[in-house]
Amino acid sequence: MDVTVLPALADNYIYLLRERGDAFVVDPGVAAPVRDALAAQDLTLRGIMLTHYHSDHIGGVAALRTAFPGTTLYLPKHEANEIPGVKPDTDHLLVGGDTFVLGSWSFRALALPGHSKGHMGFYTSGHLFCGDVLMPLGCGRVFTDDYRAAWESLRRIRALPDETLTYFGHEYTGSNLRFMQHIGMDIPPEIIAQAQKEKTAPFLLGIDKAYNGFLRADRPEVAALVGLENRPGWEVFKTLRQQKDAF
């Protein structure tokens, strides 16, 4: 898969997928870097995938659809009312388990609530576009206050193959590394070096499975770090996330 990583705003990532002369974009918080990349590569925008409705992920949609009127949206059905300009007759309003095809890629929509109620991820053959649910060595804030749902979303991601590349919404890896070290997670030097890079997208899911305490909240050694031995994984996750919020 040919994916161009486009930094945007203060710390967002937008992802541009290319197949021959066609392009598809994930979470365009602003339009300018997408337009520039399309022009530089002589591409026509055909589709936009949206993981959730927050403005830093959808802010460029209107301008891109004006420039490319035939562009189709692929978005969470349960957040369609929060996203301006949705065309129910032609756009794809998705729920978890739905599949759709872009070019030669077959995507599966994953329901990943917690950061927002309808948050969604998009998975295809070793590539996961996970928005603000999972970050390298961390995870997104739980704005819904439904920590149990957020934990189940992380478990859903954890079930994917280790070789999956994750394409996430924000460059928070350095801060996440410092928090993992703060709580006592043992991170090897080679992972520290990778996490300290200016840009860390995409990130290998197998590394997160091994060293991301949020993904390992049901492990006894992680529960012990926060004094919650023998408690359910979602409770350990909640404590970790609340500690990170205050970190």
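Reader: What do the buried residues of α4 pack against?
Author: They pack against β8 (105-111), β10 (127-131), β11 (134-135), β12 (138-139), α7 (205-211) and α9 (233-245). Packing here goes by contact, meaning heavy atoms within 4.5 Å. One heads-up: this is a predicted model, where local features need pLDDT of at least 70 and side-chain atom pairs count only at pLDDT 80 or more, while totals for chains, interfaces and linings use all residues. Residues are numbered from 1 along each chain as its sequence is written, and side-chain values use heavy atoms, with hydrogens and water left out.

Reader: How do you know that the span of helix α4 agrees with what it should be?
Author: Helices are DSSP runs of H or I with at least four residues, strands are runs of E with at least two, and both are numbered from the N terminus. The expected span is 1.5 Å times one less than the number of residues. For the 12 residues of α4 (147-158) that gives 16 Å, and the end C-alpha atoms are 16 Å apart, so the two agree.

Reader: What makes Tyr13 and Tyr15 an aromatic pair, and of which kind?
Author: Rings of Phe, Tyr and Trp (its six-membered ring) pair if their centres lie within 6.5 Å; planes under 30 degrees apart are stacked, over 60 edge-to-face, and the rest tilted. These two sit 6.1 Å centre to centre with 40° between the planes, which makes the pair tilted. Both belong to one aromatic cluster, whose members include Tyr74, Phe100 and Phe107.

Reader: How do you know that the buried residues of α9 line one face or several?
Author: The buried ones are Gly233, Val236, Phe237, Leu240, Arg241 and Lys244. Seen down the axis of α9, they fall within an arc of 130°, so they line one face of the helix. That arc is taken from the directions from the helix axis to the C-beta atoms. These residues pack against β12, α4, α5 (173-183) and α8 (220-225).

Reader: Why do β9 and β10 count as paired strands?
Author: Two strands pair if DSSP finds at least two bridges between them. Three bridges join β9 (120-124) to β10, so by that definition they pair, and they run antiparallel. Thr124 has His127 in β10 as its bridge partner.

Definitions and conventions
Buried means under 20% relative accessible area, exposed over 50%, partly exposed in between (1.4 Å probe, protein chains only).
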